[in-house]
Amino acid sequence: MIDNGLLVQMILGALLGLSVYLPMAAGQLSLATPAFYAVGGTLAALLSTQGSTQSSIGLWAVLGEMLLAAGLTAGLALLVGLPVLRLRGIYLAIATIALVEIVRVAILNLPFTGGAAGIFGIPQPFQQPFGYVLFSGAVLAVFGWLFQRLEASRLGRSMAAIRDDELASRCMGIHTTRVKLTAFVASAVLAGITGVIAAHYLNTWNARQGSFDVAITTLAFVILGGSRSWLGPVVGGLLLTALPELLRPVGDLRLVLFGLVILLGPVFFPQGLITPALLERLGRWKP
């Protein structure tokens, strides 16, 4: 049974899937999403609990936190992306995993982040999970619209060209470094905003929220859903976030079944569930 709480987690998973998808759309295997997600959540937790004992917070304050998180993660992504994006493939993946670990250890050891226990009692902008469903669903809808516009824009076409052949793109006059950096920064901003929403929803935040495990899980969203369209990570994030809860009636066997889905999914759907061919067929059915 999918309740409102699970719906919120599914939407957050879809947003994180989109964050991983952006660098991949430009041909970059970046696993840095959990680092920026953790930065956004930590910022929201600190700002909303600093000198306040209230259990609620205004929606405008949350929007302000999202704006600050976007600025902070964008700055961090620019600082890290300029040297790191010179790497490619598995080397870039390893470098971004190192960033995830650096951020996790920093949050774990900073004196004002609560250590291993983290920060508790984060004020809530909504009293019921349904409020988070509407708010996070609206955020997902906005980003979905932006991604749809992106794929048809000059930047989106440049990203697709770099993904297919970076050398040919450079020869055609595309500023590949600028395009890849733009995708990396946009990915960081989306992850930071998602972290703000998640921190308030979870009511607590600690270093474990931005671990290597999250990097692998979010990467699975894109692999299973498909990396050729923004709809793929959304579908993958929704399905893989809901699946462990839907399998809960089978007990510990659910972990085995969940692992089999991740293992066999790429075997039976090597391009993911959402492919360009599928989207083309669906487009033909439109009246």
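A nonpolar surface patch here is built from residues with over 30% relative accessible area and no salt bridge, with nonpolar side chains joined within 5 Å. Keep that in mind as you look around this predicted model.

**Stop 1: the patch.** Select Val250, Leu253, Val256, Leu257, Leu260, Leu263, Leu264, Val267, Phe268 and Phe269, and show their side chains. Together they make a nonpolar surface patch of about 910 Å². Now click on Phe269, which sits in the loop between helix H11 (253-268) and helix H12 (276-284). Its relative accessibility is 41%, so Phe269 counts as partly exposed.

**Stop 2: helix H2.** Next, select residues 33-49, the 17 residues of helix H2. How far apart are its end C-alpha atoms? They are 24 Å apart, which agrees with the 24 Å that the helix should span at 1.5 Å a residue.

**Stop 3: Thr96.** Move on to helix H4 (residues 89-109) and pick out Thr96. Is Thr96 buried or exposed? Because its relative accessibility is 2%, Thr96 counts as buried. Leaving aside neighbours within four places in sequence, show what Thr96 is in contact with: Leu29, Ser30, Leu31, Ala32, Val84 and Phe184.

**Stop 4: Asn203.** Finish at Asn203, in the loop between helix H8 (176-202) and strand E2 (204-205). Check its backbone here: phi of Asn203 is near 70 degrees, a positive value in a residue other than glycine. With a relative accessible area of 33%, Asn203 is partly exposed.

Technical notes
Residues are numbered from 1 along each chain as its sequence is written. This is a predicted model: local features need pLDDT of at least 70, side-chain atom pairs count only at pLDDT 80 or more; totals for chains, interfaces and linings use all residues. Side-chain values use heavy atoms; hydrogens and water are left out. Patches are made of residues with over 30% relative accessible area and no salt bridge: like charges are joined within 9 Å, nonpolar side chains (Val, Leu, Ile, Met, Phe, Trp, Tyr) within 5 Å. Accessible areas come from the Shrake-Rupley method with a 1.4 Å probe; for residues, only the protein chains shown count as cover. A salt bridge is a side-chain nitrogen of Lys or Arg within 4 Å of a carboxyl oxygen of Asp or Glu. Helices (H or I, at least four residues) and strands (E, at least two) are DSSP runs, numbered from the N terminus. Buried means under 20% relative accessible area, exposed over 50%, partly exposed in between (1.4 Å probe, protein chains only). The expected span of a helix is 1.5 Å times one less than its number of residues. Contact means heavy atoms within 4.5 Å.
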